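This report describes selected local features of one protein model. The sequence and coordinates come first, and the text follows.

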Amino acid sequence: MLVNLHVKNFAIIDEIDVDFGRHLNILTGETGAGKSIVVGSIGIALGARVSSEIIGNHGDYAVVELIFQIDDEDTLQALRALDIETEEGQLVVSRKITGSRSINRINGESVSVSMIRKVAALCMDIHGQHEHQSLLHKEYHLSVVDRFAGSEVEDLKLQMAGYYKEYRELLHELENENVSDGERTRELSFLEFEKKEIEETKLVPGEEDKLEEQVRKLSNASSIVETLGKVYACTGDGIGGSADGISQALRQLSGVSSMDGKLASMESELMDIENLLSDLNREISEYMDEFVFDEAELHQMETRLDQIRNCQAKYGKSYEDIMLYLHEITEKIERLTDYEDYQKECQQKKETLEGKMTALGSRLTKLRKAAGKKLEKKITKALEELNFEKPKFSVNISPLEGYTAEGRDDVEFLISTNPGAELYPLGKVASGGELSRVMLAVKSVFADVDRIETLIFDEIDVGISGRTAQKVSEKMSILGKEHQIICITHLAQIAAMADTHFVIEKLVSKDVTRTNIRPLTEAESEEELARILGGVEITDAVRTNAREMKLLAKRQKDYAAV
């Protein structure tokens, strides 16, 4: 669950710190107080796109930090699979937004935005007003059914996606190879020329590096010889050489080394130095004796190096790249040489892939239809609980003409919101308020399936009132028994059900506007309900109504708990 939200210098929020409770957390406040900004900050902390324009006027950066307490073992295992360990189940996610970039951290370690999004998918489901509109798109309907169907469908979809990718590549290849005899002859001639040029170059792994080193050595032969001569003069045993000086020093020291242990140690060190210098001088001497400059050999190496680089310029930057290209054109030459056999082989592969996709597609369809039937019953029941009178909800699954990476099914939700009415596509009959309730029904069904503990609802009450609002509040309360719910609402019926009630306020001080959020006591919660009910003037009757609404909500929750 989400334990704490900390926001600093975010839009009109100076700084807030919110400790959320279990079950149903309700956020209310006047229009324009910043309720959507609070939910928006949570979304941004969990990887939503962000602009530097959200940075407030109290610094040059904004910070949003979320602290989760994760107790579900499956969720902990999923986090470990992402190489994220919690500290006694605690997970800290933060984003710092500056003028040029965002700094993302999980438990203090820098991570990518994509990693934060993966973690967010395990910990929280944010449902905003825009998501209602996703119900209007059939693509969303397919994902809902597949999610409900479970892991078996997801596994089959992975296989289908692999086959479909191979199938598309094969079709593309066949299309590109479908050329005239004259074009095929010209291409074959060109490929054979390239193959011959690569093979005649006789490339050897690592040859370029060795040649570069040898060419560099021979090109600087005179400089190398001259420098080594000077070095040898400095370190050798000639007059003024280091070896001669050390030899003399050693003779002097050997006369007194027996008089003190420290002097004997110095003598030993000096003998080691003499031996090392002797070895160095011998290596220098041998190098100079063996070093032979051959201009013809240098020219030959340079020519070979040019040949290798010319091949790289045409066919690949490295030996491995060129060998891969040679393999590809060799295969293509074989295809073009035996074109008819190649066509037959491709056709056989195509038919085999089509057979595999058809079989997989049939299994997917069967699983989706079975899941669809169960989903119909569960969502219909949830809709009835949300004050739809005798609703009908159907998951229509029909075949597509061709293959896709997800199978051959076209999925669409159909609904009838009035008794006796025909089923029609959801987007053609559902109003804004009905869409909100349908989405709540979908979420409540999935709350029993998903392991996600925290659900956020932003303005789930749009377009509803009266008895419908009461039914929605009861559904939210039931949902809150097994999940942590954070809900922004304008309706007193929903707010009355709060287990923890927060008010979001816009405060103005010295011409500076800022947003604040604080938890309410029972008495303050009643006063806030009265404000929602009464508007401008809050009378004693309105307060009595608010008190009764809280009592009814408590009775309803107690009844549901029995």
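Helices (H or I, at least four residues) and strands (E, at least two) are DSSP runs, numbered from the N terminus. The model is predicted: local features need pLDDT of at least 70, side-chain atom pairs count only at pLDDT 80 or more, and totals for chains, interfaces and linings use all residues. Residues are numbered from 1 along each chain as its sequence is written, and side-chain values use heavy atoms, with hydrogens and water left out.

**Confidence**

pLDDT is the predictor's confidence in each residue, from 0 to 100. Its mean over the protein is 85, and 95% of the residues reach 70 or more. Helix α4 (residues 129-132) has the lowest confidence, with a mean of 54, while strand β4 (residues 62-69) has the highest, at 92.

**Helix α12**

Buried here means under 20% relative accessible area, exposed over 50%, and partly exposed in between (1.4 Å probe, protein chains only). The buried residues of α12 are L298, M301, R304, L305, I308, C311, Q312 and Y315. They sit on the same side of α12 because they cover an arc of only 150° around the axis, the arc being that of the directions from the helix axis to the C-beta atoms. E295, A296, H299, D306 and A313 are exposed on the other side of α12. Just after the helix, G316 has a positive phi of about 155°.

**The six-stranded sheet**

Two strands pair if DSSP finds at least two bridges between them. Strands of a sheet pair through backbone hydrogen bonds, either parallel or antiparallel. In this model six strands form an open sheet with mixed pairing, in the order β8-β12-β13-β3-β14-β15. Its edge strands, β8 (124-127) and β15 (512-519), each pair on one side only. From one strand to the next, the twist averages 15°. β8 and β12 (residues 454-458) run parallel and are joined by four bridges; I126 has I456 in β12 as its bridge partner.

Helix α17 (residues 466-482) lies across β3 (24-28), β12 and β13 (484-488), and runs at about 145° to β13. Axes are lines fitted to C-alpha atoms, for helices over the stretch in contact, and angles run from 0 to 180 degrees between N-to-C directions. Contact means heavy atoms within 4.5 Å.

**Individual residues**

The table gives the accessibility of four residues.

| Residue | Relative accessible area | Class |
|---|---|---|
| S94 | 14% | buried |
| A11 | 30% | partly exposed |
| K390 | 62% | exposed |
| K195 | 21% | partly exposed |

S94 belongs to strand β5 (residues 90-97). Not counting residues up to four places away in sequence, S94 touches V64, E65, I103, N104, R105 and I116.

A11 lies in the loop between β1 (2-10) and β2 (13-19), and its phi is near 55°, a positive value in a residue other than glycine. K390, in the loop between α14 (339-385) and β9 (392-404), is not a glycine either and has a positive phi of about 50°.

K195 is part of helix α7 (residues 181-201). Although K195 and Y325 are 130 residues apart in sequence, their C-alpha atoms are 9.2 Å apart in space. The contacts of K195, not counting residues up to four places away in sequence, are L326, I329, T330 and I333.
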